[in-house]
Amino acid sequence: MVWSAPTPEPIGVGIDIEQVRPFNARTATRFFSPNEREQLSQTAAHRRDLLFWRIWTLKECYGKALGVGLGYKIRETSFELTDTKVFATVERQFSFTQYILSDERGQFVISLCHPKQTDQADDNRVIRLTTTQFEWSFE
């Protein structure tokens, strides 16, 4: 599932939403940096699918914010993730926010990328939500 928010002028904002599901290891080999592949291999098997989609949605939303989709140095751009933070090595000054949603249908990852304000400290964060905290639907 891919969502994008069209704007009249490019403003450097990207969003990607994916449902957590089994991933294809070839995709990680093709698009992930060596550090990201290492993170994936060192993660417990029961958490690997979530980590894959967390990294993938960050790569997607960053490419959308750049206006190039996956047409950037995707393997040279790296994200390191903890349960509460996103650490990014990106060419431009962007902030990232990631939401992990859980409900009876499974888990979903939403990643947002937007330009960092010049006086803004690094505030890349991960927010975990359940559907009891807000209303959402796919129509």
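Helices (H or I, at least four residues) and strands (E, at least two) are DSSP runs, numbered from the N terminus. With that in hand, welcome to this chain, whose elements run β-α-α-α-β-β-β-β-β from the N terminus on. That makes three helices and six strands. The model is a predicted one, in which local features need pLDDT of at least 70 and side-chain atom pairs count only at pLDDT 80 or more, while totals for chains, interfaces and linings use all residues. Residues are numbered from 1 along each chain as its sequence is written, and side-chain values use heavy atoms, with hydrogens and water left out.

**The chain as a whole**

- Of the 139 residues in the chain, 39% are buried, where buried means under 20% relative accessible area, exposed means over 50% and partly exposed lies in between (1.4 Å probe, protein chains only).
- The accessible surface comes to about 8300 Å², and carbon and sulfur atoms hold 51% of that area; such areas come from the Shrake-Rupley method with a 1.4 Å probe, and for residues only the protein chains shown count as cover.
- Among the contacts (heavy atoms within 4.5 Å) with a separation of 6 or more, 66% are between residues 24 or more positions apart.

**The nonpolar core**

- A nonpolar core is a set of buried Ala, Val, Leu, Ile, Met, Phe, Trp, Tyr and Cys residues joined through side-chain atoms within 4.5 Å.
- The largest one here has 25 residues, and those touching the most other members are Phe32, Phe52, Tyr62, Phe79, Leu81, Phe96 and Cys113.
- Two or more residues of this core come from each of helix H1 (25-31), H3, strand S2 (78-81), strand S4 (94-103) and strand S5 (106-115).
- H3 gives the largest share of this core, ten residues.

- Rings of Phe, Tyr and Trp (its six-membered ring) pair if their centres lie within 6.5 Å; planes under 30 degrees apart count as stacked, over 60 as edge-to-face and the rest as tilted.
- The structure contains nine aromatic pairs.
- In one of them, the ring centres of Phe52 and Trp53 are 4.8 Å apart and the planes stand at 85 degrees, so this pair is edge-to-face.
- Phe52 is buried at a relative accessible area of 2%, and Trp53 is also buried, at 7%.
- Phe52 also pairs with Trp56, this time stacked, with 6.2 Å from centre to centre and 5 degrees between the planes.
- Phe52 and Trp56 sit four residues apart in helix H3 (residues 45-66), which is about one turn of the helix.
- One aromatic cluster brings together Phe23, Phe31, Phe32, Phe52, Trp53 and Trp56.
- Beyond its neighbours within four places in sequence, Phe52 is in contact with Phe23, Asn24, Thr27, Ala28, Phe32 and Leu40.

- Zero disulfides turn up in a search of the whole structure, a disulfide being a pair of cysteine sulfur atoms within 2.5 Å.
- For Cys61, the nearest cysteine sulfur belongs to Cys113 and is 4.9 Å away, and Cys61 is in no disulfide.
- Cys61 is buried, with a relative accessible area of 0%.
- Cys113 counts as buried too, at 1% relative accessibility.

**A buried glutamate**

- Glu18 lies in strand S1 (residues 14-19) and is buried, at 4% relative accessibility.
- The side chain of Glu18 makes a polar contact with the side chain of Arg21 (3.2 Å).
- A polar contact is a pair of N or O atoms within 3.5 Å; within protein, one must be able to donate a hydrogen and the other to accept it, and residues adjacent in sequence count only if both atoms are side-chain atoms.
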